[in-house]
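Reader: I would like to learn how to read the features of a model one at a time. Please give the general idea, then the case at hand.

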Amino acid sequence: MMDCMYAKCIPYITDCVMAELEKLGQTYRIALRIARDPRFERLPCLHKGTYADDCLVQRVNQHKCYIVATCDKDLRRRIRKIVGVPIMSVANHRYTIERMPDAYGAPKT
């Protein structure tokens with residue numbers, strides 16, 4: 001991930017995402033093992049429930065300093081509506097980052 005960004009980055013994971021991965025069971029055990037890596041920092045959630053998409057959308061609405069990494073199409077659609085929040089995903093065995101709009105300092109290519 002840091003090779004894709006060309007910079008030092010700190011991966012964060014919320015308590016809701018961890019709870020949702022644990023609920024999904026054995027199907028997503030590799031994702032859960034990656035999420036439990038000590039290099040990932042945990043962000044505590046203070047709300048009720050464990051629906052991770054609402055939690056992530058609310059968090060990036062409050063603080064637009066995050067790059068959201070997801071392969072979930074519905075979550076990507078919701079986050080695209082938030083101006084200034086880039087989205088990272090995995091496609092064709094490589095990381096891709098969607099460009100930010102030109103109005104928000106994205107370099108012109």
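Reader: In what order do the three strands of the open sheet lie, and what is the pairing?

Author: Strands of a sheet pair through backbone hydrogen bonds, either parallel or antiparallel. Two strands are taken as paired if DSSP finds at least two bridges between them. Helices (H or I, at least four residues) and strands (E, at least two) are DSSP runs, numbered from the N terminus. Here the order is β3-β4-β5, in an open sheet with mixed pairing. β3 (68-69) and β5 (94-97) are the edge strands, each pairing on one side only. β3 and β4 (residues 87-91) run parallel and are joined by two bridges. Methionine 88 in β4 is the bridge partner of alanine 69.

Reader: What kind of model is this, and how are residues numbered?

Author: This is a predicted model, in which local features need pLDDT of at least 70 and side-chain atom pairs count only at pLDDT 80 or more, while totals for chains, interfaces and linings use all residues. Residues are numbered from 1 along each chain as its sequence is written, and side-chain values use heavy atoms, with hydrogens and water left out.

Reader: How many helices and strands does the chain have, and what pattern do they follow?

Author: There are five helices and five strands. Along the sequence they follow the pattern α-β-α-α-β-α-β-α-β-β.

Reader: What percentage of the residues is buried?

Author: Buried means under 20% relative accessible area, exposed over 50%, and partly exposed in between (1.4 Å probe, protein chains only). Of the 109 residues in the chain, 29% are buried. The chain has an accessible surface of about 8,200 Å², and carbon and sulfur atoms account for 55% of that surface. Such areas come from the Shrake-Rupley method with a 1.4 Å probe; for residues, only the protein chains shown count as cover.

Reader: Which residues of α4 are buried, and what covers them?

Author: The buried residues of α4 are Ala52, Asp53, Cys55, Leu56, Val57, Arg59 and Val60. Their cover includes β1 (12-14), α2, β2 (41-43), β3 and α5. Contact here means heavy atoms within 4.5 Å.

Reader: Aspartate 53 is on that list. Which side chain of opposite charge is nearest to aspartate 53?

Author: Side chains of opposite charge can pair when their charged atoms come close. A salt bridge is a side-chain nitrogen of Lys or Arg within 4 Å of a carboxyl oxygen of Asp or Glu. Lys and Arg count as positive and Asp and Glu as negative; His and the chain ends are not counted. Aspartate 53, in helix α4 (residues 52-62), is buried and has no salt bridge; the nearest opposite charge is arginine 78, 4.8 Å away. Leaving aside neighbours within four places in sequence, aspartate 53 is in contact with Asp72, Leu75 and Arg78.

Reader: How many salt bridges does the structure hold?

Author: It holds six. One of them joins arginine 42 and aspartate 15, at 2.9 Å from N to O. Arginine 42 lies in strand β2 and aspartate 15 in helix α2, so this pair ties together parts 27 residues apart in sequence. Arginine 42 is partly exposed at 45% relative accessible area, and aspartate 15 is partly exposed at 28%.

Reader: Is threonine 70 buried or exposed?

Author: Threonine 70 is buried, with a relative accessible area of 12%. Its place is in the loop between β3 and α5 (73-80). Leaving aside neighbours within four places in sequence, threonine 70 is in contact with Leu75, Arg76, Ile87, Met88 and Ser89.
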